[in-house]
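The sequence and structure come next.

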Amino acid sequence: PKAGEHHPLQEPPVHHRGGTPAGRRVSPRRPRPPHLPLRLLRHRQGPEALRPMEPYELIRSRRKTLALEITREGRLLVRAPLRCSQTRIDAFVTGHAAWIEKHLETQRQRAALRPPPPTEAEIQALKERARAELPGKVAYWSEKMGVAPTGFKVTAARKRYGSCSAKNSLCFSCFLMNCPEKAVELVVVHELCHIREKNHGPRFYALLEQFLPDWQERKKMLR
């Protein structure tokens, strides 16, 4: 399973018309780099003119729309087309100031409720525990399912608890050890199922249910 979330907001697509009006000279433009550094917006206009806006990170790409995104860490990202003017970008962000403040505050509240990040010593202890406990579970379920993984590795990955490579090597996050026993078994069996079924199609879930009929209940225990 994957962790992390964000709140995106996107405007309708804008189509640029080609051609130049008669009598108008066109000067060559310098190409802009697709990724610009962190930029602090101008002050708002009107009654809130004295209140500065949140800093944001501007990312330009070959897209047709402007979009805002609040990351899980509370960063404000602005995604813009390569040729979009800075004035239009600023106006778009200013026009969505209330949306930005609302979702930034939501992310701040969630961050305040999260436990502090583990220390290096705690991570090493989880890795040692995973290396001690998981191989036995992998061996037990491998024999029961009739599969043979080609490798085993423990990492400190935070976005997914387990993975199975194209060569059938298994990788587990040490943070899986913070989950209940039944949830740990689910991740082990899930990855072993990928030795037979590489995607999450109907045959994969049929195989998973064959060995863990209560897998959906177990999934709710993953944190």
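A residue counts as buried under 20% relative accessible area, as exposed over 50% and as partly exposed in between, with a 1.4 Å probe and protein chains only. By this definition, 37% of the 223 residues of the protein are buried. The model is predicted: local features need pLDDT of at least 70, side-chain atom pairs count only at pLDDT 80 or more, and totals for chains, interfaces and linings use all residues. Residues are numbered from 1 along each chain as its sequence is written, and side-chain values use heavy atoms, without hydrogens and water.

The protein has 6 helices and 7 strands, where helices (H or I, at least four residues) and strands (E, at least two) are DSSP runs numbered from the N terminus. Their order from the N terminus is β-β-β-β-α-α-α-β-β-β-α-α-α.

There are 4 aromatic pairs in the structure. Rings of Phe, Tyr and Trp (its six-membered ring) pair if their centres lie within 6.5 Å; planes under 30 degrees apart are stacked, over 60 edge-to-face and the rest tilted. The rings of Y140 and W141 are edge-to-face, because their planes stand at 85° with the centres 5.3 Å apart. F152 and F172 make a tilted pair, with 6.0 Å between centres and 40° between planes. F152 belongs to strand β5 (residues 151–155) and F172 to strand β7 (residues 169–173), so this pair ties together parts 20 residues apart in sequence.

| Residue | Relative accessible area | Class |
|---|---|---|
| Y140 | 47% | partly exposed |
| W141 | 5% | buried |
| F152 | 33% | partly exposed |
| F172 | 0% | buried |

F204, Y205 and W215 are linked into a cluster by ring pairs.
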